[in-house]
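Student: I have a model open and want to check the labels put on it. Can we go through them briskly?

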Amino acid sequence: MSRELPADVVANVLSYACADPHELARRTWCVSLAWLEAYHAPGLWRTLELTDRPSERQGHCACAAWSRAPERLEKVVLNTQNPNSMQSRDEDDAALRPLFDAEALDVSDLCDSSVCLDAFLPLDYLRRLTSEADGENHRLIIDRPLGSFLDKRNERFICQHFTNLRRLNADMDVPLYPELSHLAPRHRTLLSRGGGDAEHGQLSTILDPEQAAQLTEIEALLLDSFAQGSTLANVFPRLTRLTLSGSKTPIQSLSAVFRNCSAACPVLEMLTLHLDTERTTWLRAENYWVFGHAPGSLKALVLILEDMSLPLPRTASAFHRLVKRHAPTDVQVHIVTPNCLIDDGELPTAPWAPSALPEFAEAYAAADLARPSFSLW
């Protein structure tokens with residue numbers, strides 16, 4: 001890396017990609033502490049992104065160079081498109097161990113070896129996956145590691161290594177509980193209710209209840225898991241920020257979503273709803289009474305709307321007034337859309353600008369969230 005990089009770039013994000021894992025393994029100097037100290041900024045690094053690019057049948061290699069990352073790392077992003085490691089799980093574990101103190105973990109882009117292209121998986125590796133799964137459906141995440149360390153089926157195993165975990169970006173298709181696993185194609189759920197489904201919890205859940213109780217942010221969960229049934233009270237007692245994603249969600253369903261969010265997340269301050277493809281119920285202005293049931297603890301409600309039919313006039317300010325008219329007084333509304341509304345220039349830009357969407361593990365000032373906003377995505 002060039003020593004001419006701007007200090008603000010160096011101080012925020014380290015991203016290292018290499019198509020050849022053998023070359024990557026040789027580059028033990030790539031993130032040396034001496035290199036960071038040369039920039040006078042080792043204590044300012046906040047994010048480390050581990051990225052690999054698949055190249056035919058080659059695998060990735062979590063080399064020991066990552067162990068030289070700064071001690072105060074805040075966020076780790078695991079982005080692997082090839083689940084085949086050239087190392088044993090123990091070697092990957094040892095190489096990545098210095099990262100396990102980070103409070104924010106993004107595993108949304110981990111590759112799942114059970115659904116990835118066979119072109120990236122040697123035959124002996126596939127056989128090993130089958131034998132290690134002991135005949136179980138290895139689309140499930142079970143309570144021991146499968147395949148290589150950086151495999152999406154190992155989300156539970158990986159999360160257990162991050163003992164200070166406070167912020168988690170899992171995946172947009174993860175439901176909350178096992179009885180809602182039919183909503184997710186990979187049969188993974190965030191938690192188990194315990195009791196009758198305890199066995200299911202060991203097979204497919206990502207977090208233990210103790211870990212869930214420590215979280216302050218989750219991005220993202222399946223919205224339908226909050227719209228169907230009821231959540232357990234106080235499941236996330238410290239959670240202040242939550243992102244839910246849904247498709248073809250009737251606006252009336254938000255009443256149950258808000259009710260369950262209030263029960264599960266008593267101190268929730270920022271709720272983001274990422275919704276798409278609903279052309280009937282959102283079109284009727286008389287249905288917007290549901291926003292009156294938004295959690296009382298909220299400071300900001302972020303609506304990310306794609307391919308939705310909304311009431312006339314379809315301007316940003318008119319839609320904001322409609323939602324705000326029904327929402328609790330202390331809840332501010334922020335709107336993001338690529339194509340559903342026209343920007344009439346009456347609303348300020350979003351607190352997360354120039355980013356199109358709120359960013360995972362980023363903090364936004366209360367004063368900024370207290371102002372309405374509109375942004376085109």
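Student: What volume does the largest pocket have?

Tutor: About 400 Å³. The model is predicted, so local features need pLDDT of at least 70 and side-chain atom pairs pLDDT 80 or more, while totals for chains, interfaces and linings use all residues. Numbering runs from 1 along each chain as its sequence is written, and side-chain values use heavy atoms, without hydrogens and water.

Student: What makes a set of points a pocket?

Tutor: On a 1 Å grid over the protein atoms alone, a pocket is an open set with protein on both sides within 12 Å along at least five of seven lines; lining residues have an atom within 4 Å of a point. The largest pocket has 21 lining residues, and R167, E217, R241, E362 and A363 are the closest to its centre.

Student: Which residues are closest to the centre of the second largest pocket?

Tutor: N169, M172, E219, A220 and L357, of 17 lining residues. This pocket has a volume of about 330 Å³.

Student: Why is the pair W282 and Y288 called edge-to-face?

Tutor: Rings of Phe, Tyr and Trp (its six-membered ring) pair if their centres lie within 6.5 Å; planes under 30 degrees apart are stacked, over 60 edge-to-face, the rest tilted. Here the centres are 6.0 Å apart and the planes at 90°, so W282 and Y288 are edge-to-face.

Student: Which aromatic cluster holds W282 and Y288?

Tutor: The one formed by F258, W282, Y288, F291 and F319.

Technical notes. On a 1 Å grid over the protein atoms alone, a cavity is a set of points where a 1.4 Å probe fits but cannot get out, and a pocket is an open set with protein on both sides within 12 Å along at least five of seven lines; lining residues have an atom within 4 Å of a point. Grid points are joined across faces, edges and corners, and a volume is the space filled by probe spheres set on the points.
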